[in-house]
Amino acid sequence: MTYVELSALDLALAAVLLLVNGAISLVLGLRLEASLAIAAVRMAVQLAAVGFILKLVFAQTSPVWTLVIALAMVLVAGYELLQRQERRFAGWWAYGLGNGTLLLVGGLATLYALTVVVGPEPWYAPRYVVPILGMVLGNTLTSVSLALQTLTENAERERAAIEARIALGAARFEAFGHVLRRAIRTAVTPLLNAMSVAGIVTLPGMMTGQILAGADPIEAAKYQIMIMFVLTGAAGLGALAAALGGVLLLSDARHRLRLDRLSAAPRAATG
Amino acid sequence: MAVLRIDYLQVPGIPALSFEVAAHECLAVEGPSGSGKTRLLRAIADLDPAQGYIYLEGVERRELPAPQWRRRVRYVAAEPAWWAATPREHLPATPRLERLLISLGLEPAMLDRPVAELSTGERQRLGLVRGVADEPGVLLLDEPTSALDTQASALAEELIRFQLLAGRVVILVSHDAQQIARLAHARLQLAGPAPALRPRQVSAAA
């Protein structure tokens, strides 16, 4: 594989485009120049830091280090998930449900992709674990977040209907049936759309990266197809698991609707 | 033999209650708004957590899976809620259905009209039909005629009387003193809300 290495000068030249944006902001009084500068510096520092960390991690093939990195990724994804929830579950379940789903589904899908599908030697090689887990978590995060958001929103809106079904003798999953189905559908629809337009409207980032790095486009496409299957499968299962877990948390062992287990809407996000 | 026995039931905002209602009997629950009439009915149907004991024919509610309890002890809300497009999807397909509808002055053709197009009174009567169609032993009726005119109310009362004849236990919440006089065999008077209102949800009950 051959690719053109970028020099510091190349990066600086690319940054000129952003400087143009900043200048326009100044001229038009958009007052975006400060945020633009901060965001650009943040992006550069974050990516550079990740690059150095990955270089260190990739230098050794220790299963322990790979596991530590993987767990850290799950925790960060879980935190991000929580930030996206308008209504959270009370107590530890606020963290438990999201992190549990991400760990279970993300872990299983990544393990499956690595051991059964790709099969690098050794299978825990961080060069494969980190990017695949990262993509799986990113996708699952979005669908789990959508599923929980739709579930909690509709459980409140449809409170009377759910309780009517409970009063008629429905068990909790039956009583939540229409709300549960809507939550899963809402979470899965963007995944279907992403598959439908892949390669036509958008050229997926991973495939683009591989092609830029000198890979054969056919090979890059094959990798992308594999990744789409794994990502979509994981995200769909994640939405299902989170929605089912959410129903369990919004009801109790006596099949009562327990909206009191949802906390109030969180304070406005800071930063 | 008493069918429904309430033993030291603690509903938030109401002093602990103990009473019995036998088959063929109607107990009326009276009290100003906020006195806990609905909360009492919901607790008996096990829709809200509450301390204390409720026995149906000697079986305490916790001895049965909750859905099974609620198929025998049926709470019928004043404003029935719907989750599907037409009434038919909310009702059990029993041969009694048509008769029940007609007894409340409803056209059976109404079953396939969109729920959203029905009037409040029609919906309330359909809610009553839905509540009794699978023949629960205990009916907890929360203002069952609040949205009905005199004629429809009379039909609804006739239905309640028929349920009593068939051996059901009825607990009726109503603001209509005359209706209570016509239907009830016993009365339970709840005091108004306490000066400091307690929060609606109990924290760690059962």
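The report below walks through the two chains, a few elements and some single residues.

## Before we start

This is a predicted model, in which local features need pLDDT of at least 70 and side-chain atom pairs count only at pLDDT 80 or more, while totals for chains, interfaces and linings use all residues. Residues are numbered from 1 along each chain as its sequence is written, and chains are lettered from A and ligands numbered from 1 in the order in which they are written.

## Chain A: a chain of helices

Chain A holds 10 helices and 0 strands. Here, helices (H or I, at least four residues) and strands (E, at least two) are DSSP runs, numbered from the N terminus. The C-alpha trace of chain A spans about 70 × 55 × 40 Å along its principal axes. Of the 271 residues in chain A, 33% are buried. A residue counts as buried if 20 or more other C-beta atoms lie within 10 Å of its own, as exposed if 12 or fewer do, and as partly exposed in between, with C-beta atoms placed from the backbone.

Helix H2 of chain A, residues 33-59, has 27 residues. From its first C-alpha to its last it reaches 39 Å, close to the 39 Å expected at 1.5 Å a residue; the expected span is 1.5 Å times one less than the number of residues. How many of the 27 residues of H2(A) are buried? The count is 0, and H2(A) is hardly covered.

## Where the chains meet

In this model, 17 residues of chain A are in contact with 18 residues of chain B. Two residues are in contact if their C-beta atoms, placed from the backbone, lie within 7 Å. On the chain A side, helix H6 (residues 159-167) gives the largest share, 7 residues. By class, this side of chain A has 8 nonpolar, 3 polar and 6 charged residues. In this count, Ala, Val, Leu, Ile, Met, Phe, Trp, Tyr, Cys and Pro are nonpolar, Asp, Glu, Lys and Arg are charged, and the others, Gly among them, are polar.

## The nonpolar core

In soluble globular proteins, nonpolar side chains tend to be buried together. A nonpolar core is a set of buried Ala, Val, Leu, Ile, Met, Phe, Trp, Tyr and Cys residues joined through C-beta atoms within 7 Å. The largest one here has 103 residues, of which A:Val136, A:Ala147, A:Ala239, A:Ala243 and B:Leu140 touch the most other members. Helix H5 of chain A (residues 126-157) supplies the largest share of this core, 14 residues.

Take A:Ala239 as an example. Apart from neighbours within four places in sequence, the contacts of A:Ala239 include A:Ser143, A:Val144 and A:Ala147, and also A:Ile184, A:Ala187 and A:Val188.

## A sheet in chain B

Strands of a sheet pair through backbone hydrogen bonds, either parallel or antiparallel. In chain B, 5 strands form an open sheet in the order E6-E7-E8-E3-E9, and the pairing is parallel. Two strands pair if DSSP finds at least two bridges between them. The edge strands of chain B are E6 (73-76) and E9 (186-189), each pairing on one side only. From one strand to the next, the twist averages 15°.

Helix H4 of chain B (residues 120-132) packs on the sheet and touches E6 and E7 of chain B. The direction of H4 makes about 175° with that of E6(B); axes are lines fitted to C-alpha atoms, for helices over the stretch in contact, and angles run from 0 to 180 degrees between N-to-C directions. Strand E3 of chain B (residues 26-30) is joined to E9(B) by 4 bridges, and B:Ala28 stands opposite B:Arg187 in E9(B).

Most residues other than glycine have a negative phi, and most peptide bonds are trans. A cis peptide bond joins A:Glu121 and A:Pro122, with omega about -10°. A:Pro122 sits in the loop between helix H4 (93-118) and H5 of chain A.

A:His255 is not a glycine, yet has a positive phi of about 60°. Is A:His255 buried or exposed? A:His255 is buried, because 22 other C-beta atoms lie within 10 Å. B:Glu135, in the loop between H4 and E7 of chain B, has a positive phi of about 55°. B:Glu135 is partly exposed, with 16 other C-beta atoms within 10 Å.
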